[in-house]
Amino acid sequence: ILSVWDAHHVGEIFLGSIGVWAMYGLAVEVGLSVWIASGVTLVYALYPTIADLMRNDAKDVPLVSLLIASSYFFVRWVKLWRVKKYRLAWISGLGCAVFLGLAEATKPTAVILVPVVILWLLISSVGSAEFRKSIRPIGSFMIAGFSLLVIALLVFIIGWPWLWDDPVGKLTEVMSFFKTVGFNMPVPLFGEMYRAGKNLPNLYPFIILFVQSPIELSILALVGMVIAIRQFVKLKKVYPLFFVVWFLVAMGRFLIPGVLIYARVRHFIDAMPAFIILAGFGAQAIVEWVKNKLPRMGSLALMLTLGVVIIHEAVITFRFFPYEMTYFNVLAGGTKHVAQQGLFDVGTASAVKEAMEFIARDSGGQKVRVYPCLLMHVARFYGGPTITMARAPETAQYSIFPNSPSWFDGMFEFSNAHHELVYSVRRDGADLFYVFKYKEPVGWRCGWETVSNYED
């Protein structure tokens, strides 16, 4: 809090905590026990990418936090409507609309929740006569739902002042942006370089999910998905199905031509709440089965399901803090193997701070220039009175860049040949970020950079 440049993390942590609170409420609302819901909440809060981004991300974790809160109020709205408590239902419905609108204003991809809700309502109505009867009168239910959608749209527009003078035109511009941003971006996948929107395999998001998540969490989520579908088909339980639809729609959108992905879990972070709650249903099914067979072993079953995931995630945080999102599991050979072989990008811009602090120590108070290689927007905040940013790479005494073969492979090869590697930001044996000290006045220019980004 006392640091000007670090204090902004407090706001991000606050927004992240909204998602943690809402996660517990949502888990309980949809039928998970208090113990399982508590475990699911901890799994969510400690999930490597989410734990990392909760401290230093201005849109993705706020987006998912607001989506979870909106989903919590949506489920309450449906449940209260079904028991004809319409006044209370409207209060929850307004909560759903407000949080959805705020999520939209945070990042327009929050709109993914709308087709999820519509598809779930349709499937539940067709597959469960009890559900279909309970939401009658259908006309009033549809009018209420449409009204909440309009309110969410108004909150979205009010929450994004940039839209005010020309909402239609600027929303069109936003849609065009999301269709093109990242197109042709280099994306490494098990050491092969692909291009986003051109030849990146459709299964990329699923592969990333399963190599960056604790394996036991993925197993529980798959079990939970089977359980949720089975409960809907045989028992007509509709709420677990909501998360199956949520997960499949959020992940399945990347199978649609023109929908781009290039940034690992961050790009489908809106699917992670569903993935983790499905793991909760998987854990609950296992615990209940053990209790039926061995009544005294229920607590042990709980520890061996979600307990193992929580402990594993805590170990990941201990080993990788504050760079948890660089974690890769044994399916990819572990983060150290990934970093050494260049299988995926493991570098993170958040490591700039540690790299710049090393340069301040290594330079011994002497004035030096650093070439930040596309990361000026972060590095300039950690320069200090004796460190300035070099406009031209050949005029620097140090260069810094992440271990990310998609963008910085050439920089690494050049620096190895002409400069000296004096420091690596390292976690669990994996080099995440490099600091090179110049041995000769030659440099490698990293892509397109504007002069206005640099200090003289």
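Helices (H or I, at least four residues) and strands (E, at least two) are DSSP runs numbered from the N terminus. By that numbering, P322 is found in the loop between α14 (298–320) and α15 (334–341). The model is predicted. Its pLDDT averages 92 over the protein, and 96% of the residues score at least 70. The points below cover confidence, helix packing, the sheet and backbone exceptions.

**Confidence**

- Over residues 449–456 the pLDDT is below 50. This stretch still has 19 contacts in the model beyond near neighbours in sequence.
- Where pLDDT is low, the predicted coordinates should not be read in detail.

**Packing of α11 on α13**

- Two packed helices are described by the angle between their axes and the distance between the axes.
- For helix α11 (residues 215–235) and helix α13 (residues 272–293), the angle is about 80 degrees and the axes are 6 Å apart. Angles of 65 to 115 degrees count as roughly perpendicular, so α11 is roughly perpendicular to α13.
- On the α11 side the contact is made by L217, S218, L220, A221, V223, G224, M225, I227 and A228. On the α13 side it is made by F275, L278, A279, F281, G282, A283, A285 and I286.
- Sorted by class, the contact of α11 with α13 has 14 nonpolar residues, three polar and no charged ones.

**Packing of α2 on α13**

- Helix α2 (residues 34–46) also packs with α13, at an angle of about 140 degrees and with the axes 9 Å apart.
- The crossing of α2 and α13 is right-handed.
- I36, V40, V43 and Y44 of α2 make this contact with I276, I277, G280, A283, Q284 and V287 of α13. The contact of α2 with α13 divides into eight nonpolar, two polar and no charged residues.
- A283 of α13 is in the contact with α11 and also in the contact with α2.

**Packing of α2 on α14**

- With α14, helix α2 makes an angle of about 20 degrees, and the axes are 9 Å apart. Angles under 35 degrees count as roughly parallel, so α2 is roughly parallel to α14.
- The crossing in which α2 passes α14 is left-handed.
- From α2, the residues W35, I36, G39, V40, L42, V43 and L46 meet L302, L306, V309, I310, E313 and T317 in α14. By class, the contact of α2 with α14 has ten nonpolar, two polar and one charged.
- I36, V40 and V43 of α2 take part in the contact with α13 and also meet α14.

**The five-stranded sheet**

- Five strands form an open sheet in the order β4-β3-β5-β7-β6, and the pairing is mixed.
- At the edges are β4 (387–389) and β6 (419–427), each of which pairs on one side only.
- Direction ignored, neighbouring strands of this sheet are turned by 30 degrees against each other on average.
- Helix α18 (residues 405–418) packs on the sheet and touches β3 (368–371), β5, β6 and β7. The direction of α18 makes about 145 degrees with that of β5.
- β3 and β4 run parallel and are joined by three bridges; R369 stands opposite T388 in β4.
- β3 and β5 also run parallel, joined by two bridges; V370 stands opposite Y398 in β5.
- Strand β5 (residues 398–402) pairs with strand β7 (residues 430–438) in the antiparallel sense, over five bridges. Here I400 stands opposite V435 in β7.
- In a regular strand the side chains alternate between the two faces of the sheet.

**Backbone exceptions**

- Most residues other than glycine have a negative phi, and most peptide bonds are trans.
- The peptide bond from R136 to P137 is cis, with omega near 0 degrees. P137 lies in the loop between α7 (129–134) and α8 (138–158).
- F321 and P322 are also joined by a cis peptide bond, with omega about 0 degrees.
- C373 is a residue other than glycine with a positive phi, near 50 degrees. The place of C373 is in the loop between β3 and α17 (376–379).

Note on methods. Residues numbered from 1 in each chain as written. Heavy atoms only, no water. Axes fitted to C-alpha atoms, helices over the stretch in contact; angles between N-to-C directions. Parallel < 35°, antiparallel > 145°, perpendicular 65-115°, else oblique. Contact = heavy atoms within 4.5 Å. Nonpolar A, V, L, I, M, F, W, Y, C, P; charged D, E, K, R; others polar. Pairing = 2+ DSSP bridges. pLDDT = per-residue confidence, 0-100. Left-handed = near helix turned anticlockwise from the far one by under 90°.
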